[in-house]
Amino acid sequence: MLAIRTEKLIKKYKNGVQALNGLNVTVKKGEIFSLLGQNGAGKSTLINILTTYLAPTSGLVTMFGKDIYREAPEIRTQISCVAQRTSIDTHLSLTENMMFQSKLYKVPKAEARKRMETLIACFGLERYLKHPVSSYSGGIKRRLDIALNMMSNPKVLFLDEPTVGMDIQSRTAMWDMMKKIRNDFGTTIFLTTHYLEEADRLSDTICIMKNGKDILQGTPHALREYLRQDMLKISFASKEQAQNCFESLKSVVDLKESDLRRDKIIAGLKNGHNDLEKANWWLLEHAIPFLGIEIMQPTLEDVFIRLTGEDGKEAC
């Protein structure tokens, strides 16, 4: 069963900006769905439409088979949205925050307490019960914010870049939490993220957007298969070394500006091992310092850069 479906979705603002241009998206019930795209691709507009904050200019939007605007009041009881700015009241305790959230959704008190205890245990929040919320780290506040939004037992949970700014330990804990939400609660998660590794590791389905359109949608494996091309990767000790080598190496193998990625050059191979041998010989002949050269399979980042035209510099 589909949790979310859009058909030929268009959103044009009064100032003439067209944020969505015939977008077609399908989200299955109980999956983690990741939406990827450059800034300005239309991700925020889509989230605002799906959460009923904005009305589309035209097109069809359904959630569990129901039109989300004709039946908006009912749909709103079945969804929760965790924005980048947390909705926690730091003057309340952890449990007070959670119980207050349950009152907003008119959850009976006994049921709310039982649900709160389950969520606290599931999300590993027990150790923080005695500490003031204002003393929590950013990662714990984000974890609590998601727990708050699970108090209404939503069918669909929207997460807008939930791990932005987190260190790798907090991000990994958040990934585990999202998997628990999907596996233990059966909740459909609609995720936007700029971390391609995050989308690759978490998602059942990924959709890549550009200029308000869906340009590719499928499993992470299917998206990587899209390129069907070996990649040449040359690693350097620094971004400066990669940049210094890049222009000259263009005369040896076919490179595009998007192939320069921080301290690496990663390019699609047109002539397979022949390009590898030519690049390796040129680097050695010119005494260019490099850490390694290899042929690799395409990653989700390679697909994203190919499809969106991202320049790759600090893209993720």
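1. A disulfide is taken here as a pair of cysteine sulfur atoms within 2.5 Å, and by this rule the structure has zero disulfides. C81 is in no disulfide, since the nearest cysteine sulfur, that of C207, is 17 Å away. Likewise, C207 is in no disulfide, its nearest cysteine sulfur being that of C81, 17 Å away.

2. This is a predicted model, in which local features need pLDDT of at least 70 and side-chain atom pairs count only at pLDDT 80 or more, while totals for chains, interfaces and linings use all residues. Residues are numbered from 1 along each chain as its sequence is written, and side-chain values use heavy atoms, with hydrogens and water left out.

3. On exposure, buried means under 20% relative accessible area, exposed over 50%, and partly exposed in between, with a 1.4 Å probe and protein chains only. By these cut-offs C81 is partly exposed, with a relative accessible area of 29%, whereas C207 counts as buried at 0% relative accessibility.

4. Helices are DSSP runs of H or I with at least four residues, numbered from the N terminus. Helix α1, residues 43-50, is mostly covered, as six of its eight residues are buried; these are K43, T45, L46, I47, I49 and L50. Just after α1, T52 takes a positive phi of about 70°.

5. The loop between α3 (94-104) and α4 (109-122) holds Y105, a residue that is partly exposed, with a relative accessible area of 30%.

Conventions. Helix = DSSP H or I, 4+ residues; strand = E, 2+ residues; numbered from the N terminus.
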